[in-house]
Amino acid sequence: MATELDYYTVLGVERTATDAEIKKAFRKLAQQWHPDVNTDPGAQARFKEINEAYQVLSDPQRRQTYNMFGRAGLGGESGAGFDPGAFGSFSDIFDAFFGGSAAAGSRRGHPTAGSDLRYDLPITFGEAVRGTDKEIQFPVYGTCETCHGNGAKPGTEPVTCDSCGGRGEIRSTRRTMLGQMVNVTACPKCNGEGKLVTEPCPACHGEGRTERNRTLRVSIPAGIDEGHQIRLSNEGEVGVRGGPAGSLYVAVHVTPHAQLRREGTELLYEADISIVQAALGTTISVPTVDGDEPVEVKAGTQPGTEIRLRGRGVPHLRRTGSKGDLHVFVNVVVPAKLSKRQRELLAEYAIESGEVVAVGHGGILDKVRDALG
Ligand SMILES: [Zn+2]
Ligand SMILES: [Zn+2]
C-alpha cells in the first residue's frame with residue numbers, strides 16, 4: 001500500500017459516473033486484466049485494484065463514504081474486496097458480477113437496461129399546496145424508429161454470436177490444486193448479449209436508440225414539498241438494443257412564500273398589530289394560499305396569541321381530504337415613536353387607569369405628575 005489508490009482513476013471513469021458507466025468500465029477492465037486471460041505477471045495485482053475499486057464504487061453507500069473520506073474511511077469495513085485472502089476465487093467475483101443474482105443487475109443474454117433520469121422542476125408555493133399539472137421537456141434516448149431498437153440495418157437481422165453460441169457467456173474450466181474450477185465470463189465479442197449486429201442501423205449506429213426531445217405531462221399531487229421526487233417508471237432512457245427503460249425522477253423545488261412559512265401540512269403566519277388594536281380588537285388581512293382573507297382579532301388579545309384557521313393549511317399527501325391548519329401568531333408592537341398628540345392621549349389613558357409613567361417635558365405630562373402627586 002505504497003501509494004494511495006484513486007478508485008475513479010483505476011476504473012478510468014469520471015467522479016460523476018453513473019452506476020451503468022462504472023459497471024461497464026469494470027467489465028471491460030476485468031476482461032482485459034483477469035489473470036485467467038492475462039498472463040502478464042502484474043495482471044494479478046492490477047486486477048486486485050480494479051476489483052477493489054469496483055466493490056466500492058458500485059455500492060452507493062460505500063461510494064459516498066469514499067467520496068467524503070477517501071480510502072481511509074472504508075478502513076474498518078470487513079466487506080469482501082479488501083481482504084487479500086478473499087481474492088483467490090475469481091469465479092466468485094465473476095459469478096457475483098455476471099451471474100443471475102438480483103444484486104448484479106445485468107444478466108447474461110439480456111440487453112442492458114437504460115439509465116434513470118432526473119428532472120429538476122421548479123413550482124410555486126401555491127402549486128405545491130394545490131397540486132398542478134406540468135409539461136416538461138427533456139432530451140432522452142428513445143427506441144430508434146429506423147431499426148425498432150435492435151440496432152440492425154433495416155432488411156437485416158442481428159445474428160447469433162458465433163463466439164458464445166448465443167448464450168452471452170463463456171465458460172472455461174481449469175485444473176487447480178484444489179480441483180477443477182469453472183470460470184464464467186461474459187462473452188467479449190457480443191458483450192454478453194448473445195447476438196451480433198453485422199450491418200449496423202445507419203440512424204443509430206447500431207445502438208438501437210437515438211436521442212430526442214421528449215415532452216411529458218407530469219401530475220404534481222397537492223401537498224408535495226421541497227425535495228420530494230416523483231418516480232415515473234419506464235420514462236427514463238431506453239437501454240442499448242432494446243434494453244428496458246430506466247425511471248424518470250422529477251425532483252420538485254418549491255419557491256418559498258413571501259409571508260407564509262410551511263412546516264409539513266401546517267402554515268404559519270405572524271401578524272403585527274398595535275397595542276391599541278390588541279386592546280380594542282380589529283380585523284387583519286391574512287395571506288392564504290387562496291389570497292388575502294380578513295380575520296377578526298378580539299378585543300383584549302394578548303401578545304403571542306394564536307388564531308387557528310382550521311383546514312386552511314396544506315393537504316396531506318397520502319390522506320385524501322385531510323388538511324393542516326393555518327396558524328396566525330399575533331405580535332403586539334409597542335410604538336417606538338409618538339406624536340405630541342399621541343403622547344397626550346396615552347398620558348390621559350395613564351391618568352384614567354392610575355398608572356405611573358415616565359415624565360416628559362412640559363405640557364400634559366407635567367399634569368400627569370401633578371395628578372399622581
Ligand atoms: Zn437504429
Ligand atoms: Zn457472444
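The following legends describe close-up views of a predicted model.

Local features in this predicted model require pLDDT of at least 70 and side-chain atom pairs count only at pLDDT 80 or more, whereas totals for chains, interfaces and linings use all residues. Residues are numbered from 1 along each chain as its sequence is written, and chains are lettered from A and ligands numbered from 1 in the order in which they are written.

**Figure 1. Overall content of the protein.** The protein contains nine helices and 15 strands; helices (H or I, at least four residues) and strands (E, at least two) are DSSP runs, numbered from the N terminus. Of its 373 residues, 25% count as buried. A residue is buried if 20 or more other C-beta atoms lie within 10 Å of its own, exposed if 12 or fewer, and partly exposed in between, with C-beta atoms placed from the backbone. Of the contacts between residues at least 6 apart in sequence, 63% join residues at least 24 apart; two residues are in contact if their C-beta atoms, placed from the backbone, lie within 7 Å.

**Figure 2. Packing of helices α2 and α3.** Helix α2 (residues 19-33) packs with α3 at an angle of about 165°, and their axes are 10 Å apart. Helix α2 is therefore roughly antiparallel to α3, a class that applies to angles over 145 degrees. Axes are lines fitted to C-alpha atoms, for helices over the stretch in contact, and angles run from 0 to 180 degrees between N-to-C directions. From α2, the residues Ile22, Phe26, Leu29, Ala30 and Trp33 meet Ala43, Arg46, Phe47, Ile50, Tyr54 and Leu57 of α3. By class, this contact comprises 10 nonpolar, no polar and one charged residues (Ala, Val, Leu, Ile, Met, Phe, Trp, Tyr, Cys and Pro count as nonpolar, Asp, Glu, Lys and Arg as charged, and the others, Gly among them, as polar).

**Figure 3. Lys48 in helix α3.** Lys48 belongs to helix α3 (residues 43-57). This residue counts as partly exposed because it has 15 C-beta neighbours inside 10 Å. The C-alpha atoms of Lys48 and Pro35, 13 residues apart along the chain, are separated by 9.8 Å.

Figure 4. Helix α4 (residues 60-69) lies largely in the open, because the number buried among its 10 residues is one.

**Figure 5. Strands β2 and β7.** Strand β2 (residues 132-143) pairs with β7 in the antiparallel sense over 12 bridges; two strands pair if DSSP finds at least two bridges between them. Val140 has Arg212 in β7 as its bridge partner. Strand β7 (residues 209-220) is hardly covered, the count of buried residues among its 12 residues being one.

Conventions: Angles under 35 degrees count as roughly parallel, over 145 as roughly antiparallel, 65 to 115 as roughly perpendicular and the rest as oblique.
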